[in-house]
Amino acid sequence: MGNTIKVAMADIKVGVAPDTLISYGLGSCVGIAIYDNVAKIGGLAHIMLPDSRQSRAGENPAKFADTAIPIMIKDVLKLGAVHKRLVAKIAGGSQMFHFSGTNDIMRIGERNAEAVRLALKKEGIKLFAEDVGGNYGRTVELILSSGVYKIKTIEKGNKEL
Amino acid sequence: MLSDGEFTQLNALQLDALREIGNVGAGNAATALSQLINKKINMSVPKVSVAPIGDVPDLVGGPETLVAGVFLRVFGQAPSSILFLLPHDSAFALVDTLMHRTTDRTDYEITEMEESALKEIGNILSGAYLNALAHFTQITLLPSIPSLAIDMAGAILSIILIQLGQVGDYALVIETEFSANTENDDVRGHFFLIPDPGSLSIILEAIGVKENG
């Protein structure tokens, strides 16, 4: 049995089989899993915001889609993963509260998911599967021995990507 | 605008002042809630914490805890967010008490009527809280209409944390815990006032404790 490594909000963790990476209670945040199926090495990032360009210098890069993904890729390559074998699975990006006259902050989940897709494309990583949107929270778990990305919800059942 | 550094450097006087704001606001809200359900409400001394954003879900029992959250935006001179979080069981006990009935629940289904009741409770509490706060600070504060979600605490909190996350890595949280004994179940709730990043200095200035030192 491997260890279960917890990924907090605005956090990146990488690991090797038989470990498991888990992040609890994602709302409009997006959980990005990348995985090398041969080396059984992967990473999980829990991003909150789409774009680091409007942030101040010196902030936690794991918070943003555009900065977290390159760091996570570098970290899994350091563990021995091979770039061209990496595939990605993403989940989250929901809209928890609904208001009439939705402003940018309320649509943040959608914008996060879009920014993640763009950043993955830029890094040349294939997006293999996704479970995004809706109005409910998700807990995500990347099983490093199999590459299965498990998604748990309260009312909407569980899924495996 | 206060940066993270200034957040973490709040002095004892400023923390006391913020605690007092929480006290005045929550006292008023507790009175409103007490009148609504005709029960005595116990209220904790407000906690003022400056927490790394990732740690905030732990304040309510972890990111996966099932909760009901009523969320309101506060407009005016010091834009903020208000979140009234109740454990799932408490939310239903509160609604049942309000509707003068007893029920045994086993599922997460919520009717439109119950949803509306919870929102209204959030509305009344926030109104009372903000009234006291506006009186105390002479700042105009207007609540938006309430919105409700029943889900994981982390997912519900994320909307506020994301807003704060755009400018910093820390959150200032003014939190009060309520409890009441009802026929149905004990009701517990957490009331959060989370000032937007620029709003904290406006509030501190309004109550005359802006200067550091």
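By class, how many nonpolar, polar and charged residues does the lining of the second largest pocket have?

Author: The lining of the second largest pocket has 5 nonpolar, 1 polar and 7 charged residues. Here Ala, Val, Leu, Ile, Met, Phe, Trp, Tyr, Cys and Pro count as nonpolar, Asp, Glu, Lys and Arg as charged, and the others, Gly among them, as polar. The model is predicted, with local features requiring pLDDT of at least 70 and side-chain atom pairs pLDDT 80 or more, while totals for chains, interfaces and linings use all residues. Residues are numbered from 1 along each chain as written, chains are lettered from A and ligands numbered from 1 in the order written, and side-chain values use heavy atoms, without hydrogens and water.

The second largest pocket has a volume of about 290 Å³. Among the 13 residues that line it, A:P50, A:R53, A:D66, A:A115 and A:L118 are the closest to its centre. Two elements of chain A, α1 (65–79) and α2 (108–122), each give two or more residues to this lining. The largest share, 6 residues, is that of α2(A). A pocket is an open set of points on a 1 Å grid over the protein atoms alone where a 1.4 Å probe fits, with protein on both sides within 12 Å along at least five of seven lines; lining residues have an atom within 4 Å of a point.

The largest pocket has a volume of about 430 Å³. It is lined by 18 residues, of which A:N135, B:E115, B:L148, B:A149 and B:I150 are the closest to its centre. In chain B, α4 (112–137) and β6 (147–152) each supply at least two residues of the lining of the largest pocket. The largest share of that lining, 5 residues, comes from β6(B). By class, the lining of the largest pocket comprises 9 nonpolar, 3 polar and 6 charged residues. Volumes are the space filled by probe spheres set on grid points joined across faces, edges and corners. Helices (H or I, at least four residues) and strands (E, at least two) are DSSP runs, numbered from the N terminus.

Chain A also has paired strands (at least two DSSP bridges). Strand β4 (residues 30–36) of chain A pairs with β6(A) in the antiparallel sense over 7 bridges, and A:V30 has A:G92 in β6(A) as its bridge partner. Strand β7 (residues 126–132) of chain A runs parallel to β6(A), the two being joined by 6 bridges. There, A:A91 has A:D131 of β7(A) as its bridge partner. In strand β6 (residues 86–92) of chain A, 6 of the 7 residues are buried (under 20% relative accessible area, 1.4 Å probe, protein chains only).

Methods
Buried means under 20% relative accessible area, exposed over 50%, partly exposed in between (1.4 Å probe, protein chains only).
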